[in-house]
Amino acid sequence: MKYDLVILAAGLGSRLKSLTKNIPKAMVKYKGKRFIEIQINNIDKKYINKFIVVLGYKSIILKKFLLKKFPEINFEFVYNKNFRNNNSGQSFFHAYKMIKTKEYIHLNCDCIFSKRHFKKLIKSKFKNLISVRSDIKLSDKMENVEAIKNKITKLSLLNTSSSKYKAFGVAKISKNAMLKNINLYKKLSTKEKKVVNYYTLIRKNLKKIDYRLLKSNKNHLCEANFQKDLRNFNLENV
């Protein structure tokens, strides 16, 4: 089976401060390589139907880099012109019509992963799969996960005694689930559409769609929300 793959790379990356003053967040370096470069290198491309990249902040820099670094890949670029005033929900809305496969791979550009983790993602029998880690200190304002066995029962930005994992922007999502998320997005007010992130849409649809856990650890899955996060990166095979 092949998958369309979406990389959300429109955001300002403002929480990374000086690292994104002159480049987009997707081009921040780890061990001398750009985040998006690590992502694409660790993707088994024989399983990918097409690469869709949502551009915004410093879009020309990122587009030029990708076309030069990966001339063998036929990228499809989407531009989110309102990137300064919205969140990942609106970025994804610009791309969803381009997704044609029954399931697609969803990536946030600030998440990097090992080849092993990506292989587990695409080989899983589950259609809706979200990457998580338990080897991390949970707190409010991160995507806290509650689960029974491997089924996600709750996503929340509040850390409670029942929170066991942190969710990451590395997921496999069925077209059915995606369309439910998009339908929910369309019903939001103009103000809500500007601030909603894509995982909020997933959170609100959890009763309608079963999402499963793809468990990982710091050697196979990392995310950079802040500069200090980079110090905790320990990804294999970079």
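This is a predicted model: local features need pLDDT of at least 70, side-chain atom pairs count only at pLDDT 80 or more; totals for chains, interfaces and linings use all residues.
The phi angle of lysine 141 is near 75°, which is a positive value in a residue other than glycine. With a relative accessibility of 79%, above the 50% cut-off, lysine 141 is therefore counted as exposed.

Let me move along to the loop between S9 and S10, where we find lysine 149. Lysine 149 is not a glycine either, and yet its phi is positive, at about 55°. Is lysine 149 buried or exposed? Because its relative accessibility is 77%, lysine 149 counts as exposed.

Asparagine 150 belongs to the loop between strand S9, residues 144–148, and strand S10, residues 151–156, but here the relative accessibility is 33%, so asparagine 150 is classed as partly exposed. Which residues does asparagine 150 touch, once we leave aside its neighbours within four places in sequence? They are Tyr211, Arg212, Leu213 and Lys215. The C-alpha atom of asparagine 150 is also separated by 9.8 Å from that of leucine 129, a residue 21 places away along the chain.

Finally, I would like to turn to a pair of helices. The axes of H3, residues 88–95, and H5, residues 175–186, come within 11 Å and cross at roughly 115°, and this crossing is left-handed. On the H3 side the contact involves Gly89, Gln90, Phe92 and Phe93, which meet Met178, Ile182, Tyr185 and Lys186 of H5. Sorted by class, that contact contains 5 nonpolar, 2 polar and 1 charged residues.

Key
Residues are numbered from 1 along each chain as its sequence is written. Side-chain values use heavy atoms; hydrogens and water are left out. Axes are lines fitted to C-alpha atoms, for helices over the stretch in contact, and angles run from 0 to 180 degrees between N-to-C directions. Helices (H or I, at least four residues) and strands (E, at least two) are DSSP runs, numbered from the N terminus. A crossing is left-handed if the near helix is turned anticlockwise from the far one by less than a right angle, and right-handed if clockwise. Contact means heavy atoms within 4.5 Å. Ala, Val, Leu, Ile, Met, Phe, Trp, Tyr, Cys and Pro count as nonpolar, Asp, Glu, Lys and Arg as charged, and the others, Gly among them, as polar. Buried means under 20% relative accessible area, exposed over 50%, partly exposed in between (1.4 Å probe, protein chains only).
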